[in-house]
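Me: Please examine the structure shown below and answer some questions about its salt bridges and strand pairing.

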Amino acid sequence: HSTPPPPGTPTPQEGRSPAWNLPPVPEIRLDLFGGLRATVDGRPAPRFRTQRSRSLAAYLVAHHERRHSREALAELLWPDADPVRQRDRLRYELTQLRAVLGPEFLRAEDRQSVSLAPDVRSDLLDFHHAHLAAVRAVDPERRVATLAEAARIAHEDFLPELYDDWVLARREQLRDACWDVLGRLVLDLEE
């Protein structure tokens, strides 16, 4: 005869899956404004071993909304290498990312593609959500609050330590978005 679970513990009979006793998924966060900072469950993650690991992690966060073919990622990171070497290097870097951030960081769609896990958090995503909320806000106080939040999040440059072509292009886009946020904030505060 087994002992009953503590009071308040969900049981399979209550319509819940027996998976309730699985360990919790760690909270993974990569912040990109002011430099790449990674945390797992609120604690700093170990250092990335290579600059390419940093760039790959940042790229996946910055392009979180889509699946990425492994071939395209390899070409982005090592454009001058032969395809076999590109694949080997990408496999190594993906292994490094899993070692630093945990296997929950990536979602392997299949053997040809990879994407960011949907519950990874980032200041870039927070900025986009605040900016969008401000644009959609009807209430002036709500709009000012969300614009101020977006400006606070993006007060530093996007990945200032990286100079990959995709980073430079995204940095310019984000500077434009930040100027938009600041312009709207000034206009709203003047009213």
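**Salt bridges and sheet**

Reply: Glu 172 and Arg 175 form a salt bridge in this predicted model, with 2.8 Å between the closest N and O atoms.

Me: By about how much of the helix are Glu 172 and Arg 175 separated?

Reply: Glu 172 and Arg 175 both belong to helix 6. Because they are three residues apart there, the separation is about one helical turn.

Me: Is Glu 172 buried, partly exposed or exposed?

Reply: The relative accessible area of Glu 172 is 39%. Buried requires under 20% and exposed over 50%, so Glu 172, at 39%, is partly exposed.

Me: Which helices are linked by the salt bridge of Arg 143 and Asp 188?

Reply: The side chains of Arg 143 and Asp 188 meet at 2.6 Å, N to O. This pair links distant parts of the chain, 45 residues apart. Both residues are buried. Arg 143 lies in helix 5 (residues 140-153) and Asp 188 in helix 6 (residues 165-190), which gives helix 5 and helix 6.

Me: Which residues are linked with Arg 29 in a network of salt bridges?

Reply: The side chains of Arg 29 and Asp 31 meet in a salt bridge of 3.0 Å, N to O. Asp 31 is buried, with a relative accessible area of 14%. The network links Arg 29 with Asp 31 and Asp 126.

Me: Which residue stands opposite His 68?

Reply: The open sheet has the strand order 4-6-5, and strand 4 (68-69) is one of its edge strands. Strand 4 pairs with strand 6 (residues 113-116) in the antiparallel sense over two bridges. In strand 6, the residue opposite His 68 is Val 114.

Key. Residues numbered from 1 in each chain as written. Predicted model: local features only at pLDDT ≥ 70, side-chain atom pairs only at ≥ 80, totals over all residues. Heavy atoms only, no water. Pairing = 2+ DSSP bridges. Helix = DSSP H or I, 4+ residues; strand = E, 2+ residues; numbered from the N terminus. Salt bridge = Lys/Arg side-chain N within 4 Å of Asp/Glu carboxyl O. Buried < 20%, exposed > 50% of the residue type's maximum accessible area, 1.4 Å probe, protein only.
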